[in-house]
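These are my notebook entries on one structure.

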Amino acid sequence: MKRVLWLALLSSFVFGNGFKIQEQSTNGTALSSAYVAGARGADASYYNPANMGFSNDWGENKSEFEIATSLITIPGFKFDVPTTNQGLYSSTTLKFDDSVIGKLASGIMNAPINLYHSSPDSQIVSGSTGDTNFILPKFFYKSRTHNGFTFGASFVAPSGLAMNWAGKGGEFLQDVFIMMIEFAPSVSYTIGDRFSVGFAPRVLYAMGSFNNVVYVPLDKSGAGISLSKDQVMNLTDDQLNALIPKDNPLINLVLGACKVFGCTIKSLMGSLASETTNLFGTAKVYQKSDGKALSTGYRVSASLKVFDHGMFSVVYNSPVKFDMKGNLSATTYIGGAIGNVLTTGDLNIAVTMPEILTLAYAQTFFKDRLRVEGVYERTFWSRGSKFLVTPDFANATYTGLSGMVANQNVFNSNTLKNMVGLADFAGVMNMGAGWRDTNTYRLGVTYKGKSLRLMGSLAYDEAPSPQDKIGIPDSDGYMVGVGAKYNFRGFDLGLAYSVTFKDNRRSMYQSDGLGQLKIATMSLGYRW
């Protein structure tokens with residue numbers, strides 16, 4: 001069960017990883033990121049550093065700065081999902097010594113004692129989310145081009161999410177907050193206004209906190225919690241009484257006679273040699289966890305003008321590996337005579353942001369007033385050690401909160417550690433298994449007037465996570481974007497809006513209609 005706790009935390013990080021936000025600037029939002037070969041000006045420092053050395057859309061070679069803010073909105077929705085809660089029951093076997101009382105007790109309590117701690121959920125459970133609003137600031141800069149060299153920088157949030165999930169179906173991602181920020185200085189070198197290369201080292205910081213519930217399958221191989229006679233005799237009368245089945249008339253008769261003659265449960269159990277309890281089904285685990293890390297990567301690009309009105313570009317974003325440090329507090333709910341266990345400890349998670357290869361071509365028409373760009377993007381989700389987990393088991397603390405496990409004379413931290421380790425690891429789905437490399441196709445159109453620029457776009461984005469498994473709720477996305485930029489006296493005012501429709505019909509998380517992700521971006525730029 002210990003490893004399961006860390007695995008469930010990982011799934012939340014993956015969700016932030018899969019929640020890839022490419023639409024950063026006003027241009028990028030309006031064009032659904034079909035803004036690579038046609039990237040110009042300050043935000044080219046992020047989308048395609050090689051293009052910083054070419055003239056901007058106003059035909060100028062100037063320094064540029066742009067501040068932008070995006071409001072991300074996810075309308076609340078309801079969904080149905082298959083449950084992972086199989087219920088939980090225990091089977092306790094009591095073994096007695098060869099004394100007369102022991103043989104009598106063995107004859108009376110000759111069958112395992114089955115106790116039901118929780119019932120399974122119905123096959124399908126419902127969940128919901130509230131409306132989510134998330135604000136992401138960012139800025140972009142590029143210098144004038146001097147002797148072929150251009151310098152720039154970008155500060156963006158490539159991943160971010162804050163959502164609350166409700167209901168049985170939403171327990172797995174109950175309360176999630178993820179933020180990832182990136183700072184990338186950049187440089188380009190342009191040859192003869194025809195060919196250019198660009199490079200940008202990337203510094204990324206990731207942080208997140210999560211509160212969620214998982215149902216962990218327990219061991220069915222026969223292993224269980226075993227107590228010696230000395231340990232059993234250290235249990236209280238109430239704890240011992242909870243081990244005795246109350247639905248056996250003969251046992252009730254013996255207990256009644258014992259009470260008349262003034263004996264106690266403990267004296268009656270004096271002939272007990274050992275006790276073994278096996279757990280079956282799934283245990284509910286509620287966990288609170290967090291993690292953070294700093295890492296680096298790079299972005300490299302190249303652009304070539306094709307004749308006078310075309311541009312072909314290639315951009316490569318390297319994988320970024322995070323070694324996240326954090327903490328975990330997890331309560332395993334078994335209940336009944338056994339009780340609940342709290343696990344606290346340090347957390348180490350290695351997560352890899354995927355590498356991305358982008359190919360783009362932009363063509364201008366009507367004296368360069370109309371630009372049409374097509375983008376193909378390949379994201380290599382399947383590569384890298386996405387889920388390399390190193391929890392500090394040696395120094396973790398295990399505390400009994402109720403029932404027998406709260407008796408520290410019987411259950412110390414090491415005993416509880418072995419108890420929590422009864423998980424059937426094969427029964428827990430690896431949330432990273434089956435993730436595939438994905439393709440994204442983007443098409444953007446820009447009309448450039450004397451002072452006004454109008455933009456529109458369409459895009460299709462494949463989901464990396466398997467659609468037939470419980471895990472990260474994601475599905476293929478269909479994007480539509482519009483926007484405009486107005487130029488006056490060196491200033492640029494921009495406004496853009498993008499909507500991504502999520503097709504939930506093929507997802508394990510079924511819901512009515514289409515899911516939506518809305519991005520509204522506003523920007524103010526200045527050229528000098």
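Entry 1: Asp308 and its partner. I looked up Asp308 and found it exposed, at 59% relative accessibility; buried means under 20% relative accessible area, exposed over 50% and partly exposed in between, with a 1.4 Å probe and protein chains only. The side chain of Asp308 meets that of Arg194 in a salt bridge, 3.8 Å from N to O. I count a salt bridge where a side-chain nitrogen of Lys or Arg is within 4 Å of a carboxyl oxygen of Asp or Glu. Arg194 lies in the loop between strand 8 (175-191) and strand 9 (195-217), and Asp308 in the loop between strand 11 and strand 12 (310-317), so the pair ties together parts that are 114 residues apart in sequence. Helices (H or I, at least four residues) and strands (E, at least two) are DSSP runs, numbered from the N terminus. Arg194 is partly exposed, with a relative accessible area of 34%.

I note that the model is predicted, that local features need pLDDT of at least 70 and side-chain atom pairs pLDDT 80 or more, while totals for chains, interfaces and linings use all residues. Residues are numbered from 1 along each chain as its sequence is written, and side-chain values use heavy atoms, with hydrogens and water left out.

Entry 2: other salt bridges. The count of salt bridges comes to 16. Arg527 pairs with Asp492, the closest N and O atoms being 2.8 Å apart. Arg527 is in strand 23 and Asp492 in strand 22, so this pair ties together parts that are 35 residues apart in sequence. I found Arg527 buried at 5% relative accessibility, and Asp492 buried at 7%. Lys62 and Glu60 also meet in a salt bridge, at 3.7 Å from N to O. Lys62 is partly exposed at 25%, whereas Glu60 counts as buried at 18%. A network of salt bridges links Asp57, Arg371, Lys448 and Arg453.

Entry 3: the nonpolar surface. Which residues form a nonpolar patch on the surface? I listed Phe65, Ile67, Tyr447, Leu452, Leu454, Tyr486, Phe488, Phe491, Leu493, Leu524, Tyr526 and Trp528, with about 1100 Å² of accessible area together. Such a patch joins nonpolar side chains (Val, Leu, Ile, Met, Phe, Trp, Tyr) within 5 Å, from residues with over 30% relative accessible area and no salt bridge. Areas come from the Shrake-Rupley method with a 1.4 Å probe, and for residues only the protein chains shown count as cover. Two or more patch residues come from each of strand 1 (64-74), strand 20 (452-461), strand 21 (477-488), strand 22 (491-502) and strand 23 (515-527). Phe65, in strand 1, is partly exposed at 31%.

Entry 4: The largest nonpolar core has 25 residues, of which Leu279, Ile338, Val405, Phe411, Leu416 and Met419 touch the most other members. A core is a set of buried Ala, Val, Leu, Ile, Met, Phe, Trp, Tyr and Cys residues joined through side-chain atoms within 4.5 Å. Strand 3 (88-96), strand 10 (225-228), strand 11 (272-306) and helix 9 (413-420) each give two or more residues to this core. Apart from this core lies another, of 23 residues, among them Tyr35, Ala37, Phe54 and Met311.

Thr358 is in strand 15 (residues 356-365) and is buried at 6%. Beyond its neighbours within four places in sequence, Thr358 is in contact (heavy atoms within 4.5 Å) with Val36, Ser313, Val314, Val315, Val375, Tyr376 and Glu377.

Terms used: Patch = residues over 30% accessible without salt bridge, like charges linked within 9 Å, V, L, I, M, F, W, Y side chains within 5 Å.
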